[in-house]
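User: Could you walk me through how to read a few features of a protein model? I would like the general idea and then the case at hand.

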Amino acid sequence: MKIDYGSQIDGLMTDCAFTVAFNPRYDNLLEAVKEATNTGIKEAGIDAIFSEIGERIQETMESYEVEIGNKTFPVKCIENLCGHSMERYKIHAGKSVNIVRNTQNHVRMVEGEQYAIETFGSTGKGHVYEDLDCSHYMKDFDMEDVPIRDGKARALLNTINREFGTLAWCRKWLEEYYPRHIMPLKRLVDLGVVKAYPPLSDVRGCYTA
C-alpha cells in the first residue's frame, strides 16, 4: 500500500510518501528505498550536485536484492522518476533531484531552496508508464491565461482556483462543488490548464516501493 501525502500552510508545503507491506518477504524492498532516501538526505546540502546525489542513491538502492517465490530480484531505481525542488504553492518547482547517475545534470543545490528527496525502487524494469484511471490533478502553476470558450469549463476552473489554487487535489473532491465535472475537467486538461497525474506502473507482476 502506497501512502503519499502532504500538508501546507499558506502555500508552504511538505511532500511525503512511503510504502507499507504486511508480509516480511518485502522487507528488503522497503529497506532499499528507505536507505536510499536516507542516503539522499545525507548527501544533500548547499552546493551538492544533483547528479552525484543520484549516483549515491542508486548505489545504495541497487545494493539490495529481494527473494520472492524462490526467485531473487535485484532492486532497481526507477530511472524516470526523481525528487524535485519546491516553492510556495508550487510543489514541482523545476529542479530535479536525481535518483540515478546522470552525468548531464551538474546543477547544484542552493541555500534557501527546499527539495523533496524521493526514491523509488522496483523489482521490474525500473521504468514506469502512466496506467489506469486518473484521480489526481493539479493546476499548472506556470500556465498563462488561456481563452476558454466552454462556459462549464470556465465555471469549473473558477471552482478549482477558489478551492485548490495550484495545490494538488483529488477528482472526487469536485463532486461537492461541481457534480457534473467530467467533461469540463477533460477540456481543462486538453487545454493544458490542469495537469493529470495518473497512477504509474512498471511491468505487470513486479513490486515497487
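This is a predicted model: local features need pLDDT of at least 70, side-chain atom pairs count only at pLDDT 80 or more; totals for chains, interfaces and linings use all residues.

**Reading cores, sheets and helix packing**

Analyst: Happy to! Leaving aside residues up to four places away in sequence, methionine 109 touches Ala44, Gly45, Ile46, Asp47, Ala48, Phe50, Ile53, Tyr115 and Ile117.

User: Which residues touch the most other members of the largest nonpolar core?

Analyst: The general idea is that in soluble globular proteins, nonpolar side chains tend to be buried together. Here, the largest nonpolar core has 22 residues, and Ile53, Ile57, Met61, Val75 and Met109 touch the most other members. Two or more residues of this core come from each of helix H1 (27-43), helix H2 (50-61) and strand S5 (65-68). There is also a second, separate core of 15 residues, with Tyr137, Ala153, Leu185 and Val193 among them.

User: Now the sheets. What is the strand order in the open sheet of 3 strands?

Analyst: The order is S9-S8-S10, and the pairing is antiparallel. Strand S9 (96-97) and strand S10 (114-116) are the edge strands, each pairing on one side only. Strand S8 (residues 83-86) is joined to S10 by 3 bridges in the antiparallel sense.

User: Which strands does S13 pair with?

Analyst: Strand S13 (residues 136-139) runs antiparallel to strand S14 (residues 169-170), with 2 bridges between them. Histidine 136 faces cysteine 170 in S14. S13 also pairs with strand S15 (residues 194-196), again in the antiparallel sense, over 3 bridges. In that pairing, tyrosine 137 stands opposite alanine 196 of S15.

User: Last one: at what angle do helix H3 and helix H5 pack?

Analyst: In general, two packed helices are described by the angle between their axes and the distance between the axes. For helix H3 (residues 151-163) and helix H5 (residues 182-191), the angle is about 85° and the axes are 9 Å apart. Angles of 65 to 115 degrees count as roughly perpendicular, so H3 and H5 are roughly perpendicular to each other. On the H3 side, the contact is made by Lys152, Ala153, Leu156, Leu157 and Ile160, and on the H5 side by Pro184, Leu185, Arg187 and Leu188.

User: How many residues of that contact are nonpolar, polar or charged?

Analyst: In the contact of H3 with H5, 7 are nonpolar, 2 are charged and none are polar.

Conventions
Residues are numbered from 1 along each chain as its sequence is written. Side-chain values use heavy atoms; hydrogens and water are left out. Two strands pair if DSSP finds at least two bridges between them. Helices (H or I, at least four residues) and strands (E, at least two) are DSSP runs, numbered from the N terminus. A nonpolar core is a set of buried Ala, Val, Leu, Ile, Met, Phe, Trp, Tyr and Cys residues joined through side-chain atoms within 4.5 Å. Buried means under 20% relative accessible area, exposed over 50%, partly exposed in between (1.4 Å probe, protein chains only). Contact means heavy atoms within 4.5 Å. Axes are lines fitted to C-alpha atoms, for helices over the stretch in contact, and angles run from 0 to 180 degrees between N-to-C directions. Angles under 35 degrees count as roughly parallel, over 145 as roughly antiparallel, 65 to 115 as roughly perpendicular and the rest as oblique. Ala, Val, Leu, Ile, Met, Phe, Trp, Tyr, Cys and Pro count as nonpolar, Asp, Glu, Lys and Arg as charged, and the others, Gly among them, as polar.
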